[in-house]
Structure formats: C-alpha cells, structure tokens
Amino acid sequence: MSPVRRAAMVVCAVLTTVVVTAVAPAVAANPITISTGLFTNSAALAWSSAPTTTMGDRTVTRTTTGVPGLVAAGPTGSVFHQTLGVSRYMFIGTHNHVLFLETPTGGGTRSVSLVDFTTTPPTERPILSVLAGSAAVSSPGVQFSIGTGDAFFVFAPTGTTVAGLGIYRSDNGTILCPGPPPLVPTGQLFGEATATQLRIKMGGTVLAACARPPGTTG
C-alpha cells in the first residue's frame with residue numbers, strides 16, 4: 001500500500017471516530033408536575049418591589065449600592081440581574097420558581113425572565129420582551145399551574161393588544177405551548193392543563209393547544 005493511500009485511510013478513521021462521538025444522547029430534563037385544571041391567576045400582576053423575600057430555599061434580594069439589581073439565591077448558587085429601569089420579581093407555586101420583570105421608567109420594552117436553578121450557578125433565561133406604549137399600560141400577567149407551579153402562562157399588554165403569549169416550564173424556561181400572534185382580547189385570558197393538553201384560552205375560545213409533555217403527572 002502506498003504511503004499516500006495509508007495516510008488517507010488514517011484520516012478517514014479519525015473523522016469517523018469524531019462523527020460517532022458527536023451524537024451522544026441528550027440529557028433528559030428534570031420531571032415536572034402539571035396538575036390538571038385552570039392555571040392559578042391570583043399572582044397575576046403581583047410583581048414585588050420588596051427589598052428581600054425568602055420562599056423555601058430561595059431568596060431574592062434587591063441591591064442598591066454599587067450596580068443596582070436583584071440577586072436570586074437558591075440551592076445551586078446565585079445569579080445577578082442588573083436594573084436598567086425598574087426591577088421587580090415574583091415567586092410562583094409551591095416550588096417557589098422565580099421570575100424577574102424589568103420595566104423602563106416610561107413607555108418601552110418590558111422583559112420577563114426566569115431564574116433557572118437547574119444549572120450551577122443559576123442562569124437567567126429570557127422569556128418575553130414586549131414594547132408597551134406608555135407607563136400606564138398594565139404589567140405582564142402571569143398564571144401558574146395548580147400547586148407546584150411547574151408550568152406558567154405569561155402575556156404582556158402593549159396598550160392596544162396583548163402579546164408574548166405562551167406557556168413555559170418554570171424550572172428551565174423551555175416553551176411548552178407557543179401562543180398566538182398579538183391580539184385584541186375580547187375575554188379573559190387564562191392557561192389550562194387537561195389530561196392530554198396544555199391550552200391557552202380567551203373566554204371559552206381555545207387560542208392554542210399543545211400536547212402535554214411526556215412524564216408530567218396530571
């Protein structure tokens with residue numbers, strides 16, 4: 001066998017090894033519980049401005065010296081969210097998932113993010129960013145699945161429509177059910193879990209329906 005052919009076979013063997021090792025199976029997500037029924041809406045618009053709050057093994061603290069912001073601390077460490085306008089936060093469900101809300105001092109883009117405690121240290125996951133016409137527009141609303149709150153429904157008024165609708169996992173921010181494009185609501189918006197689906201509804205109208213994630217108990 002010529003030296004050139006032998007070298008070519010070695011290169012092919014190396015490349016074949018690389019391709020095989022690159023297709024390792026993905027790590028499974030942590031199991032979550034999504035109880036059947038309408039999502040809890042008592043927390044809608046209840047964004048907190050308190051200096052500090054502790055729920056279970058998680059604490060959010062507002063920093064006012066140096067760079068202002070919010071620090072969320074929990075079982076896997078802490079993460080810092082810098083305040084650019086007005087920062088508020090929310091705990092949802094008995095698992096005490098943490099959401100941040102960043103709002104400009106006037107009209108502008110409002111953003112909601114989730115603190116992902118499944119990573120070490122925790123990671124801030126963007127959920128939505130929606131442009132509001134003025135400071136008078138209501139803050140984004142949040143509803144969560146009964147009990148654990150392991151799934152949440154979020155939406156944001158713009159002043160003329162409601163945008164950013166979606167249902168997400170509350171531990172790592174994965175989208176579970178994308179909502180419709182911006183719309184003018186003609187009834188109450190709410191999330192719902194059935195035995196087989198996650199739904200976004202407006203009054204009695206189903207705006208979006210997605211298969212319940214495998215392994216989520218009802």
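Is arginine 125 buried, exposed or partly exposed, and what is its relative accessible area? Arginine 125 is partly exposed, at 30% relative accessible area, where buried means under 20%, exposed means over 50% and partly exposed lies in between, with a 1.4 Å probe and protein chains only.

Before moving on, note that this is a predicted model, in which local features need pLDDT of at least 70 and side-chain atom pairs count only at pLDDT 80 or more, while totals for chains, interfaces and linings use all residues. Residues are numbered from 1 along each chain as its sequence is written, and side-chain values use heavy atoms, with hydrogens and water left out.

**Salt bridges**

The structure holds five salt bridges. Another one of them joins arginine 169 to aspartate 171, with 2.7 Å between the closest N and O atoms, and both of these residues are buried.

Next select glutamate 192 and lysine 201, whose side chains meet in a salt bridge at 3.3 Å, N to O.

**Aromatic pairs**

Now select phenylalanine 152 and tyrosine 168, whose ring centres are 5.6 Å apart and whose planes lie at 20°, so the pair is stacked. Rings of Phe, Tyr and Trp (its six-membered ring) pair if their centres lie within 6.5 Å, and planes under 30 degrees apart count as stacked, over 60 as edge-to-face and the rest as tilted. This pair links distant parts of the chain, with phenylalanine 152 in strand E11 (residues 151-157) and tyrosine 168 in strand E12 (residues 162-169); strands (E, at least two residues) are DSSP runs, numbered from the N terminus.

Phenylalanine 153 and phenylalanine 155 form a tilted pair, 5.3 Å centre to centre with 40° between the planes.

**The disulfide**

Finally, select cysteine 177 and cysteine 210, which form a disulfide (a pair of cysteine sulfur atoms within 2.5 Å). Their sulfur atoms are 2.2 Å apart, and the torsion about the S-S bond is about 75°, so the disulfide is right-handed. Cysteine 177 lies in strand E13 (residues 175-178) and cysteine 210 in strand E16 (residues 205-211), 33 residues apart, and both cysteines are buried.

Note on methods
Helices (H or I, at least four residues) and strands (E, at least two) are DSSP runs, numbered from the N terminus. A salt bridge is a side-chain nitrogen of Lys or Arg within 4 Å of a carboxyl oxygen of Asp or Glu.
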